[in-house]
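The stops below go one by one.

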Amino acid sequence: MLDKIKIRLQYMLPKQCLTEFAGWFASRNAGFMTQWAIKLFAKVYKVNMNEAQKSELTAYATFNDFFIRLLKEGARPIVEKEHQLAQPADGAVSQLGPINDDLIFQAKGHNYTVEALLAGQYQLAERFRGGDFITTYLSPSDYHRVHMPCDGLLKEMIYVPGDLFSVNPLTAQNVPNLFARNERLICVFDTPVGLMVQILVGATIVGSIETVWSGCVNATREGVIKRWVYPELDSEGAVFLKKGEEMGLFKLGSTVINLFEPNKVTFNSSLIPGYATRMGELLAETVTSTVAEESVDA
């Protein structure tokens with residue numbers, strides 16, 4: 001019964017107003033109120049401050065400063081081998097596996113299409129038909145900066161306005177098409193494993209989604225899809241990021257979805273729904289390396 005009430009409230013509450021207020025407060029230095037909010041949050045969600053560059057809660061002037069805190073150097077080693085892809089974020093695996101034709105598995109009884117997730121970009125969606133996906137949920141206690149699984153040249157970025165449902169496991173199990181209806185930022189990269197999409201999904205009280213190359217992309221929330229195309233490598237304005245480099249962040253919230261083309265990667269066999277991820281650990285290996293290892297073993 002309680003779960004049903006929580007889901008019903010998701011539909012009834014003024015999510016955008018709540019989100020705008022949370023974003024406004026989180027960006028303000030409100031003195032003792034800010035410090036109270038930070039200390040309460042850290043206590044309730046058992047935030048590990050020992051790995052943060054600034055381990056003292058009083059070192060953060062605003063809630064946002066605390067929420068997007070940097071980690072100490074070396075706190076997240078990045079897998080080094082060329083054929084290894086790194087986890088993009090701290091969090092937990094929500095779902096992962098093959099894209100069945102055009103369908104991505106959200107939760108029992110719920111699927112959504114790649115085309116819907118990519119805001120109707122049917123030609124782009126076709127590239128991932130039969131490919132692989134992984135959805136990573138970032139809980140409130142997690143480190144909220146998002147990094148690159150592999151080297152990548154940014155091809156385009158698409159901001160898609162949408163709902164602001166919570167993206168926690170309960171909502172994923174009960175709200176149809178959750179990730180294809182929520183606000184999101186789609187980043188398309190050309191990588192050594194083919195085309196890869198990394199999607200940052202907004203949620204209730206996620207004040208902003210930012211990238212290292214463009215800053216905040218949803219400051220105004222005008223309700224229109226926006227698309228940016230980026231030049232080739234070595235051209236002015238090109239964006240190239242190496243494996244493990246930061247690519248964006250959430251100011252409160254959310255979820256990261258990665259899409260890979262067919263027959264390009266094999267996910268780490270340890271990854272199952274609920275598995276706790278740490279940025280930089282093994283996400284996947286290239287299919288060619290996996291085949292080569294199996295041949296040697298044989």
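What follows is a tour by selection, from the annotated residues to the strands, cores and charged pairs.

**Before you start**

This is a predicted model, in which local features need pLDDT of at least 70, side-chain atom pairs count only at pLDDT 80 or more, and totals for chains, interfaces and linings use all residues. Residues are numbered from 1 along each chain as its sequence is written, and side-chain values use heavy atoms, with hydrogens and water left out.

**Stop 1: the annotated residues**

Zoom to D90, in the loop between β1 and β2. Strands (E, at least two residues) and helices (H or I, at least four) are DSSP runs, numbered from the N terminus. Is D90 buried or exposed? D90 is buried, at 2% relative accessible area. Buried means under 20%, exposed over 50%, and partly exposed in between (1.4 Å probe, protein chains only).

Show the surroundings of D90. Leaving out residues up to four places away in sequence, D90 touches R76, L138, D142, Y143, T277, R278 and M279. Contact here means heavy atoms within 4.5 Å. The side chains of D90 and R76 are joined by a polar contact of 2.6 Å. Such a contact is a pair of N or O atoms within 3.5 Å; within protein, one must be able to donate a hydrogen and the other to accept it, and residues adjacent in sequence count only if both atoms are side-chain atoms.

Move to S254, in the loop between β14 and β15. S254 is buried, with a relative accessible area of 0%.

**Stop 2: H144**

Select H144, in the loop between β5 and β6. H144 counts as buried, at 0% relative accessibility.

**Stop 3: strand β18**

Select residues 282-286. This is β18; 4 of its 5 residues are buried, so the strand is largely enclosed by the rest of the structure. Strand β1 (residues 84-86) runs antiparallel to β18, joined by 3 bridges. Two strands pair if DSSP finds at least two bridges between them. L85 has A284 of β18 as its bridge partner. Strand β16 (residues 265-267) also pairs with β18, antiparallel, over 3 bridges. Here F267 stands opposite A284.

**Stop 4: the open sheet**

Show β6, β14, β10 and β11. They form an open sheet of 4 strands in the order β6-β14-β10-β11, with antiparallel pairing. The edges are β6 and β11 (215-216), each with a single partner strand, so one side of each has no neighbour in the sheet. Between β10 (residues 208-211) and β14 there are 4 bridges. Look for T211 opposite G248 of β14.

**Stop 5: the cores**

Select F189, W213 and M247. Of the 32 residues in the largest nonpolar core, these touch the most other members. A nonpolar core is a set of buried Ala, Val, Leu, Ile, Met, Phe, Trp, Tyr and Cys residues joined through side-chain atoms within 4.5 Å. Elements giving two or more residues to this core include β7, β8 (184-191), β9 (194-201) and β15 (255-260). Next, pick a second, separate core of 29 residues; L124, A125, I186 and L195 are among them.

**Stop 6: the charged pairs**

How many salt bridges are there? The count comes to 10, each a side-chain nitrogen of Lys or Arg within 4 Å of a carboxyl oxygen of Asp or Glu.

Select R129 and D101, a salt bridge at 2.6 Å, N to O. R129 sits in the loop between α6 (122-127) and β5 (132-137), and D101 in the loop between β2 (91-98) and β3 (103-107), 28 residues apart. R129 is partly exposed, at 31%.

Next, select R227 and E156, whose closest N and O atoms are 2.5 Å apart in a salt bridge. R227 lies in β12 (residues 226-229) and E156 in β7, so the pair ties together parts 71 residues apart in sequence. E156 is buried, at 12%.
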